[in-house]
Amino acid sequence: MKITKLNFINIFIIFTGIIVVIDMWMIFVWVPTEINQGAIQRILYLHVPVAWGSMAAICIVAFSSIMYLYKKAEKWDRIALSAAESGAIFGAMMLLSGMLWARPVWGVFWTGEAKLTFSLILFILFIAYLMFRAYFPKGIQQKRISAVIGIIGAIDTPIIYFAANLWERAHPPLIAGPAATSDSFISQNIILTLLFSVVTFTLVLSSLIFLRYTLRKNEDEIDLIIINKT
Amino acid sequence: MNPFKTIWNIAKRDLILELRRKEVLFTILGFSTLVLSIFVFSIDVNTKETQKIVPAIYWSAIIFSFTIALGRRFSIEIENGAFEALILSPISKDIIFFGKFTSNFILVLISSVFALPITSILFNINILKIEYLLLAIIISFGLSTLGTFFAIMSIKVRAREVMLSLVFFPAVTPLLFAGVDCMDKIIQNNNFSDIQSWIFFVLFYDAIFFLISLLLFDHILQE
C-alpha cells in the first residue's frame with residue numbers, strides 16, 4: 001500500500017487536529033465555570049467561533065465569486081463552492097448551538113432578535129447557493145450564476161443585519177432571564193479560551209475548505225476523463 | 001432606436017399580454033385575497049392585538065403571490081421560446097432588463113395597491129392613506145428589481161418555482177421588515193418622521209440592488 005505523502009494540506013490538517021484537542025481540553029477542563037450561567041455557558045466557546053466561521057465563509061464566497069467573474073479561472077469557482085459548503089455546516093452548527101444555549105438562558109429557543117434573524121437568513125442563503133448549484137445543468141453558466149448568487153448574498157447579509165436592527169428598535173426584545181439582569185462575569189481565562197477557540201475554528205474552516213477544494217479538483221478531472229472517453 | 005422606446009416596447013408587450021391573459025394580476029389578487037381571508041377565518045380580527053399583525057399578513061401575501069406570478073410569467077416565455085428570441089435580438093441586455101423590470105414593477109404596484117382595500121375591508125382597519133402609496137411604490141421597486149433578476153436567472157434551473165423562492169425570499173427580507181413596520185406605524189396614525197428612516201433605508205436598498213442587477217445581468221445571460 002502506498003503511504004500518503006506528507007504534503008502541505010496533510011500537515012495542515014494534522015496540525016488543526018492537535019489544536020482542536022488542545023481547544024477541547026481548554027473548553028471542558030481548563031476554563032473555570034462561569035458564575036451566572038453555570039456549565040451551559042461553555043457553549044459560548046463553540047457558538048461564537050462557528051458564527052465567526054460562517055461569516056468568514058460568506059466573505060470568502062463573495063471574494064472568490066467576484067474573482068471568478070473577473071478572471072474566469074476554475075480555481076476561484078472551486079474555492080467558492082468549498083467555502084459555501086463549509087459555511088453551510090458552520091451556519092447549521094451556529095443555529096443549533098445558539099438554540100441550545102438560548103433555551104435555558106432566555107427561556108425560548110428562538111426570538112425575532114436582529115442577530116438571530118440575520119444568522120438564519122445567512123444560513124438560508126448558503127442553502128440557496130448550494131441548491132441552485134445542484135439543480136442547475138452543469139457547465140460554465142452554472143458556475144457563473146452561482147457566483148452571482150454568492151455576490152448578491154454577501155451584499156445582502158450586512159443590509160439584512162442593519163434592517164433587523166432597525167426593526168428591533170420598534171419591537172424591543174422581550175428577553176427576561178438570569179442573564180438579562182445580572183452582570184456577566186468575564187474573566188481573563190474566558191476571553192483567552194474564546195480567542196483560542198476562534199483561532200481553532202478558523203483553522204478547522206480552512207482545512208475543510210482545503211479538503212473540499214482538492215476533492216472538487218479531482219471531481220473535475222474525473223468529469224474531464226468521462227467527457228474525453230465519450 | 002431610441003432606448004426609452006425599446007424599453008417601453010418590451011414593457012408594453014408584457015402588459016398587453018397581461019391584459020389579454022390577466023394571469024399575473026389575477027394570481028396576485030386572487031392568491032393574496034385567499035391568504036388574507038384564511039387569516040380572517042382563523043383569528044379574531046376585532047381585537048387590538050390581532051390588528052398589529054395585519055401588516056405582516058398583508059406583506060407576506062403580496063410577496064408569496066408575487067413569487068408565484070413571476071414563476072408563471074417566465075415559464076410562459078420559455079415554453080414559447082419568446083425569451084430566447086428577445087435575447088438574440090440586437091438590443092442591449094440592459095435594455096431588456098429595464099423593459100422586464102418596468103412591466104413587473106407596474107404589475108406589482110397595481111396589485112399591491114388593489115390588495116389594500118381588500119385588506120381594509122376584511123380586517124376592518126383604515127389603511128387607505130397617501131403615505132402608503134409612497135411605501136408601495138418604493139417597495140414594489142425593490143421587489144420587482146430582484147424579482148426580475150432572479151426570475152431570469154432561474155430560467156434554466158430544475159424545479160424553477162422552488163429555486164426562485166429560495167433565493168428571492170431571503171434577499172427581500174429587508175423590504176418585508178420595512179413594509180411591515182411602516183404599515184404598522186401608518187395604521188397607528190404616526191407622523192411621516194417616524195417612518196422616515198425606513199423610507200431612506202428602502203431607497204438605499206433599491207438603489208444598491210438596481211445597480212448590482214444591472215452590473216451582473218450580463219453574466220447571467222451569457223451561455
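# Close-up views of a predicted two-chain model

**View 1. Ser92(B) is an exposed loop residue.** Ser92(B) counts as exposed because it has 11 C-beta neighbours inside 10 Å. In this predicted model, Ser92(B) sits in the loop between α5 (82-88) and α6 (93-123) of chain B. Between the C-alpha atoms of Ser92(B) and Ser120(B) there are 43 Å, with 28 residues separating the two along the chain.

**View 2. Asn124(B) lies in the loop between α6 and α7 of chain B.** The phi angle of Asn124(B) is near 60 degrees, which is a positive value in a residue other than glycine. Asn124(B) has 12 C-beta neighbours inside 10 Å and therefore counts as exposed.

**View 3. Ala159(B) lies in the loop between α7 and α8 of chain B.** Here phi is near 50 degrees, and Ala159(B) is a residue other than glycine with a positive value. Ala159(B) is counted as exposed because 11 C-beta neighbours fall inside 10 Å.

View 4. Chain B as a whole averages a pLDDT of 85, and 99% of its residues score at least 70. For the complex, the predictor gives an ipTM of 0.85 and a pTM of 0.86.

**View 5. Chain B touches chain A.** The contact involves 25 residues of chain B and 26 residues of chain A. On the side of chain B, the elements that give two or more residues are α8 (160-187) and α9 (192-221). The largest share, 10 residues, comes from α8(B). Sorted by class, the side of chain B that touches chain A holds 17 nonpolar, 4 polar and 4 charged residues.

**View 6. Chain A has 7 helices and 0 strands.** Its elements run α-α-α-α-α-α-α from the N terminus on. Of the 230 residues in chain A, 37% are buried. Among contacts in chain A between residues at least 6 apart in sequence, 82% join residues at least 24 apart.

**View 7. Helix α3 of chain A packs with helix α4 of chain A.** Helix α3 covers residues 74-106 and helix α4 covers residues 114-135; the angle between them is about 145 degrees and their axes are 9 Å apart. The crossing of α3(A) past α4(A) is left-handed. Residues of α3(A) in the contact include Leu81(A), Ala84(A), Gly87(A), Ala88(A) and Gly91(A). Among the residues of α4(A) that they meet are Leu122(A), Phe123(A), Phe126(A), Tyr129(A) and Arg133(A). The residues of this contact of α3(A) with α4(A) comprise 13 nonpolar, 3 polar and 2 charged.

**View 8. Helix α7 of chain A runs from residue 188 to residue 229.** This helix has 42 residues and reaches 62 Å from its first C-alpha to its last, close to the 62 Å expected at 1.5 Å a residue. The buried residues of α7(A) include Thr193(A), Ser197(A), Phe201(A), Val204(A), Leu208(A) and Ile209(A). The buried residues of α7(A) pack against α1 (8-30), α2 (44-71) and α3 of chain A.

How values were computed. Residues are numbered from 1 along each chain as its sequence is written. Chains are lettered from A and ligands numbered from 1 in the order in which they are written. This is a predicted model: local features need pLDDT of at least 70, side-chain atom pairs count only at pLDDT 80 or more; totals for chains, interfaces and linings use all residues. Axes are lines fitted to C-alpha atoms, for helices over the stretch in contact, and angles run from 0 to 180 degrees between N-to-C directions. Helices (H or I, at least four residues) and strands (E, at least two) are DSSP runs, numbered from the N terminus. A crossing is left-handed if the near helix is turned anticlockwise from the far one by less than a right angle, and right-handed if clockwise. Two residues are in contact if their C-beta atoms, placed from the backbone, lie within 7 Å. Ala, Val, Leu, Ile, Met, Phe, Trp, Tyr, Cys and Pro count as nonpolar, Asp, Glu, Lys and Arg as charged, and the others, Gly among them, as polar. pLDDT is the predictor's confidence in each residue, from 0 to 100. A residue is buried if 20 or more other C-beta atoms lie within 10 Å of its own, exposed if 12 or fewer, and partly exposed in between; C-beta atoms are placed from the backbone. The expected span of a helix is 1.5 Å times one less than its number of residues.
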